[in-house]
Amino acid sequence: MPEESIRLMVQDEAISDYRALYALESRIGRDKVLKLIREEAGMELSFRQYPKGEGFILRLREKVNRLLVS
């Protein structure tokens, strides 16, 4: 049985993250979601400046999921 593409798995995770952030936006508003992302990143984000480690996205996912459940 062939292995699933790593690129496909990463894309699936990105789409899941997008959907979770979009769902949270409908609950608390876009400004609060953007503030949450900036606070977790500890910086203003751009295509050239962003957290490099995996810790950022994992912590952000945890916070977003917690807010969606509550």
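## Exercises on helix H3

The face of H3 turned away from its buried side carries two exposed residues, Glu54 and Val69. Here exposed means over 50% relative accessible area, buried under 20%, and partly exposed in between (1.4 Å probe, protein chains only). Helices are DSSP runs (H or I, at least four residues), numbered from the N terminus.

This is a predicted model: local features need pLDDT of at least 70, side-chain atom pairs count only at pLDDT 80 or more, and totals for chains, interfaces and linings use all residues. Residues are numbered from 1 along each chain as its sequence is written, and side-chain values use heavy atoms, with hydrogens and water left out.

**Exercise 1.** Check the span of H3.

*Solution.* Take the 16 residues of H3. The expected span is 1.5 Å times one less than the number of residues.

**Exercise 2.** Find the buried side of H3 and its partners.

*Solution.* Start with the buried residues: Phe56, Leu60, Val64 and Leu68. They cover an arc of only 90° around the axis, so they sit on the same side of H3. The arc is that of the directions from the helix axis to the C-beta atoms. Next, the partners: these buried residues pack against helix H1 (6-28) and helix H2 (30-41).

**Exercise 3.** Classify leucine 58 and aspartate 17 as buried, partly exposed or exposed.

*Solution.* Leucine 58 lies in H3 (residues 54-69). Its relative accessibility is 43%, so leucine 58 counts as partly exposed. Aspartate 17 lies in H1. At 17%, aspartate 17 counts as buried. Aspartate 17 touches Ile57 and Arg61 (heavy atoms within 4.5 Å), not counting residues up to four places away in sequence.
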